[in-house]
Every structure is written in C-alpha cells, then in structure tokens.
Amino acid sequence: MAHDLRTQAQSASPMGSSAFGVRPEFKRVERAENPHIISLLEFYKRHRRADGLLPRRLIPCRELMPLLQNLYLIEPVDATGRDWRFRLAGTAIRHRFGIEVTGKLVRDIYTEDSVERPTERYREVAFGREVHILRGRFLGGGREFFDVELLEFPVEGPIEGCETVAGALFVADEAENPA
C-alpha cells in the first residue's frame, strides 16, 4: 500500500522532486480548539524549563500516553536548520498519511515549492523557543485532510543548542477519539 501511495504522490507532485508530494497549508492561530491540543499545551506549560524548552526525558511519559500516537519529533539535520528529519512519528500519523515518516527528511515529504515555510516554522519553534498553534490542511500524497490542528513546541535536543520540535496533529472530527 505504501508503494502505491508513493507512486500516486510522485505523479501528483507539481515539482516532481518530493517522494510523497505533500503540500501543507497552515495558518498560525492564537488559541487551540482541539481538546487534545489544549491538554498537550497545558502539559508543556506545566513542565517547560525557564528557557522555554521541555526536558527531553518527558517524552514519552505516562501523562502523555493517550496522545503518543498523534505526536511527532522533528530535529534539524544541521545547525542551520535548513532541513529537518522526522525523528519519530506516532502511529496515527502513519495511518493518516499511509506512509512511515519516521526517519524521513522534510524535503522528501513536502513538495519542493512548500518546504521553506514549515522549515522556517521549525526554526522559529526550536531556535526561537516559540510555541505554534496552527490550523489548516495537507494536500497531495493521495490524501487530503481538512480542519487539522497542530501544536508545535521546543524540546531539549540531544546536543545543547540543537533543539528538537515536538508536535501533535489532530483531525478536528476526531476530537473525542484520537487516531
């Protein structure tokens, strides 16, 4: 099945360079609506350090167990943050996209013409220690999602100064049952 989606995504990609041809369309918003995003944001606020980073040891933890399937971790490939690698992506994300993104580079998932905005956002979150709440959709890759809400926040990286972005993705119509 993953091979079929990959073939569809390659032919759907306008630039032809992305393996999966996904184009994210998101806008930053002030407030979360999804109850799981709200819960995760409250967790982050309770446990973040004074420098704005969530300690790495807290992912995963018992308190986050119900949300783990919707979480992802992204880390920069180098100190510039020009490209990022999905270090980990929960099973609900794999199910939604029909592909395993863990270990993949952002530029290999998103279309060439759409890579810059998410990588810029990841730099803002990781290096600027910002928290982003976003709403929008993903297009291409053989699937379309509407009313998706994302939360992204900075997490202590494996090496000082090389922070990680933790995020969560929830589809609005699944607010009661994450999957």
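How many helices and strands does the chain have? The chain has five helices and six strands; helices are DSSP runs of H or I with at least four residues, strands are runs of E with at least two, and both are numbered from the N terminus. This is a predicted model, in which local features need pLDDT of at least 70 and side-chain atom pairs count only at pLDDT 80 or more, while totals for chains, interfaces and linings use all residues. Residues are numbered from 1 along each chain as its sequence is written, and side-chain values use heavy atoms, with hydrogens and water left out.

**Overall build**

- Starting at the N terminus, the order of elements is α-β-α-β-β-α-α-α-β-β-β.
- Of the 179 residues in the chain, 51% are buried (buried is under 20% relative accessible area, exposed is over 50%, and partly exposed lies in between, using a 1.4 Å probe and protein chains only).
- Among contacts with a separation of 6 or more, 60% are between residues 24 or more positions apart; a contact means heavy atoms within 4.5 Å.
- The chain has an accessible surface of about 9,200 Å², and carbon and sulfur atoms hold 49% of that surface (Shrake-Rupley method with a 1.4 Å probe; for residues, only the protein chains shown count as cover).

**Nonpolar cores**

- The largest nonpolar core contains 26 residues, and Tyr72, Phe86, Tyr110, Tyr122 and Phe138 have the most contacts inside it. Such a core is a set of buried Ala, Val, Leu, Ile, Met, Phe, Trp, Tyr and Cys residues joined through side-chain atoms within 4.5 Å.
- Setting aside neighbours within four places in sequence, Tyr72 touches a list of residues including Phe86, Leu88, Ile93, Leu150, Val165 and Leu169.

**Arginine 121**

- Arg121 sits in helix α5 (residues 116–126) and is buried, at 5% relative accessibility.
- The side chains of Arg121 and Glu152 are joined by a polar contact of 2.7 Å. For a polar contact, a pair of N or O atoms must be within 3.5 Å; within protein, one must be able to donate a hydrogen and the other to accept it, and residues adjacent in sequence count only if both atoms are side-chain atoms.
- Beyond neighbours within four places in sequence, Arg121 is in contact with His132, Leu134, Leu150 and Glu152.

**Aromatic rings**

- The whole structure holds five aromatic pairs. Rings of Phe, Tyr and Trp (its six-membered ring) pair if their centres lie within 6.5 Å; planes under 30 degrees apart are stacked, over 60 edge-to-face, and the rest tilted.
- Phe26 and Phe138 make an edge-to-face pair, 5.0 Å centre to centre with 65° between the planes. This pair links strand β1 (residues 22–29), which holds Phe26, to strand β4 (residues 132–140), which holds Phe138, across 112 residues.
- Phe26 is buried at 18% relative accessibility, and Phe138 is buried at 5%.
- Tyr44 and Phe153 make a tilted pair, with 5.0 Å between centres and 35° between planes. Tyr44 lies in helix α2 (residues 35–47) and Phe153 in strand β5 (residues 145–159), 109 residues apart; both are buried.
- One aromatic cluster consists of Trp84, Tyr122 and Phe127.

**Cysteines**

- A disulfide is a covalent bond between the sulfur atoms of two cysteines.
- Taking a disulfide as a pair of cysteine sulfur atoms within 2.5 Å, the count is zero.
- Cys61 is buried at 18% relative accessibility, whereas Cys162 is partly exposed at 22%.
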